[in-house]
Amino acid sequence: MLWVKAFHLVAMVSWFAGLFYLPRLFVYHAGSDDATSTERFKVMERKLYWGIMTPAAIVTVALGVWLVTFNPSYYMSSGWFHTKLLLVFLLLGYHHACGRLLKKFALDLNSKSPVFYRWFNEFPVVLLVAIAILVIVKPF
């Protein structure tokens, strides 16, 4: 079980690294005005999303499900766990939103400002703090 937990944590850290970095790339991409930079950002964003973030998200969720199988009655009766699941679903929605924005940038259809992406980048920070508190403190 500890090995599964360790790799779940590694996958989660990798996923969050991408969730923090991709919107930062969007900030710079939205502010770029030359073709070379724009094309470079498209490649970086695509590789980050499909090569790191999405596989890390899949592994995180798969290992999380595996962890639940070790003691399902405990997890299913814990309020903190239900709240964590809700936050993970929100995180998956955020991940999906990043994918939609990635497609808009790839097609040169971005209509949002760098300031929007700076604010957009804060959402996973809030979720990370909340999830960490729920898992470690188990407040309810």
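I call a residue buried under 20% relative accessible area, exposed over 50% and partly exposed in between (1.4 Å probe, protein chains only). This is a predicted model, so I kept local features to pLDDT of at least 70 and side-chain atom pairs to pLDDT 80 or more, while totals for chains, interfaces and linings use all residues. Residues are numbered from 1 along each chain as its sequence is written, and side-chain values use heavy atoms, with hydrogens and water left out.

Entry: ring pairs. I pair rings of Phe, Tyr and Trp (its six-membered ring) if their centres lie within 6.5 Å; planes under 30 degrees apart count as stacked, over 60 as edge-to-face and the rest as tilted. I got 18 aromatic pairs by this rule. Trp3 and Phe7 are stacked, because their ring centres are 6.2 Å apart and their planes stand at 20°. Trp3 is exposed at 68% relative accessibility, and Phe7 is partly exposed at 47%.

Next I looked up Phe116 and Phe120, a stacked pair with 5.8 Å from centre to centre and 20° between the planes. How accessible is Phe120, buried or exposed? Phe120 is buried at 14%, whereas Phe116 is partly exposed at 33%. Both belong to one aromatic cluster, together with Phe26, Tyr94, Phe105, Tyr117 and Phe123.

Entry: charges over rings. I count one if NZ of Lys or CZ of Arg is within 6 Å of the ring centre and within 35 degrees of the ring normal. Lys112 sits over the face of Phe116, 5.1 Å from the ring centre. Lys138 lies over the face of Trp80, at 4.8 Å from the ring centre.
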